[in-house]
Structures are given as C-alpha cells and as structure tokens.
Amino acid sequence: MRSFMTPEKERLLLLSFEEVQDLKKRPLKCPECQFTIQYIYEDARGHVSVKCKKCGGTYIVDMEKFRTLKIPKRYYISK
C-alpha cells in the first residue's frame with residue numbers, strides 16, 4: 001500500500017527546500033574510513049547517529065565538533 005503526501009507535508013517540504021537554497025552544504029565523513037556518509041547544511045546542530053555503508057561502523061557524531069575536524073592522511077608504502 002502506497003501512502004500519499006498530504007498537502008501540508010508537501011508545503012513543509014517545499015518550504016524546507018527554499019530555506020536551504022542560500023546555505024552551504026558539506027559532507028559528513030566517517031571518522032574511521034573517511035567515506036562520505038551524508039551531506040549536512042551549515043545550520044545543522046546537535047548529535048546524530050550514523051552508520052557507514054563502507055566500513056559498517058556506527059557512530060554518534062556531534063555536528064559542531066566535526067565541523068572543523070582534520071583527520072590525518074594515511075600514507076601507504078607500495079612495494
């Protein structure tokens with residue numbers, strides 16, 4: 001059974017879409033493998049639980065702290 005969107009929900013989605021047009025979005029990356037989990041907008045606040053599709057890890061991320069987090073690059077020595 002398929003549910004249809006009510007006019008009120010459709011109006012709220014359209015309003016949300018219009019509100020983010022001037023905001024910058026940035027990738028939220030997995031703390032372990034640096035895979036892009038999702039994109040978040042600059043006004044996002046609080047904690048979110050995310051699961052990485054690549055490494056399978058589940059993490060609770062504070063979006064404020066991960067705003068400027070720099071992960072050291074991994075260097076691999078090839079033979």
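## Exercises on a predicted model

β1 and β2 make a hairpin with six residues between them, and glutamine 34 in the turn has a positive phi of about 70°. The model is predicted.

**Exercise 1. In which sense do β1 and β2 pair, and over how many bridges?**

Step 1. Locate β1: this strand covers residues 25-29.
Step 2. Read the pairing. β1 and β2 run in the antiparallel sense, over five bridges.
Step 3. Pick out one bridge. Proline 27 has tyrosine 39 in β2 as its bridge partner.

**Exercise 2. Which residue lies over the face of tyrosine 39?**

Step 1. Start from the ring of tyrosine 39. Lysine 25 lies over its face, at 5.1 Å from the ring centre.
Step 2. Test the distance. A charge over a ring must have its NZ (Lys) or CZ (Arg) within 6 Å of the ring centre.
Step 3. Look for aromatic pairs. The count is zero.

**Exercise 3. How far apart in space are aspartate 43 and lysine 25, C-alpha to C-alpha?**

Step 1. Take the separation in sequence: aspartate 43 and lysine 25 are 18 residues apart.
Step 2. Take the separation in space: 9.1 Å, C-alpha to C-alpha.

**Exercise 4. How many disulfides does the model count?**

Step 1. A disulfide is a covalent bond between the sulfur atoms of two cysteines.
Step 2. Set the cut-off: the two sulfur atoms must be within 2.5 Å.
Step 3. Give the count. There are zero disulfides.
Step 4. Check cysteine 30. It is in no disulfide, and the nearest cysteine sulfur, that of cysteine 55, is 3.7 Å away. Cysteine 30 is buried, at 0% relative accessibility.
Step 5. Check cysteine 52. It too is in no disulfide; the nearest cysteine sulfur belongs to cysteine 33, 3.6 Å away. Cysteine 52 is buried, with a relative accessible area of 2%.

Notes. Residues are numbered from 1 along each chain as its sequence is written. This is a predicted model: local features need pLDDT of at least 70, side-chain atom pairs count only at pLDDT 80 or more; totals for chains, interfaces and linings use all residues. Side-chain values use heavy atoms; hydrogens and water are left out. Buried means under 20% relative accessible area, exposed over 50%, partly exposed in between (1.4 Å probe, protein chains only). Rings of Phe, Tyr and Trp (its six-membered ring) pair if their centres lie within 6.5 Å; planes under 30 degrees apart count as stacked, over 60 as edge-to-face and the rest as tilted. A charge sits over a ring if NZ of Lys or CZ of Arg is within 6 Å of the ring centre and within 35 degrees of the ring normal. Two strands pair if DSSP finds at least two bridges between them. Helices (H or I, at least four residues) and strands (E, at least two) are DSSP runs, numbered from the N terminus.
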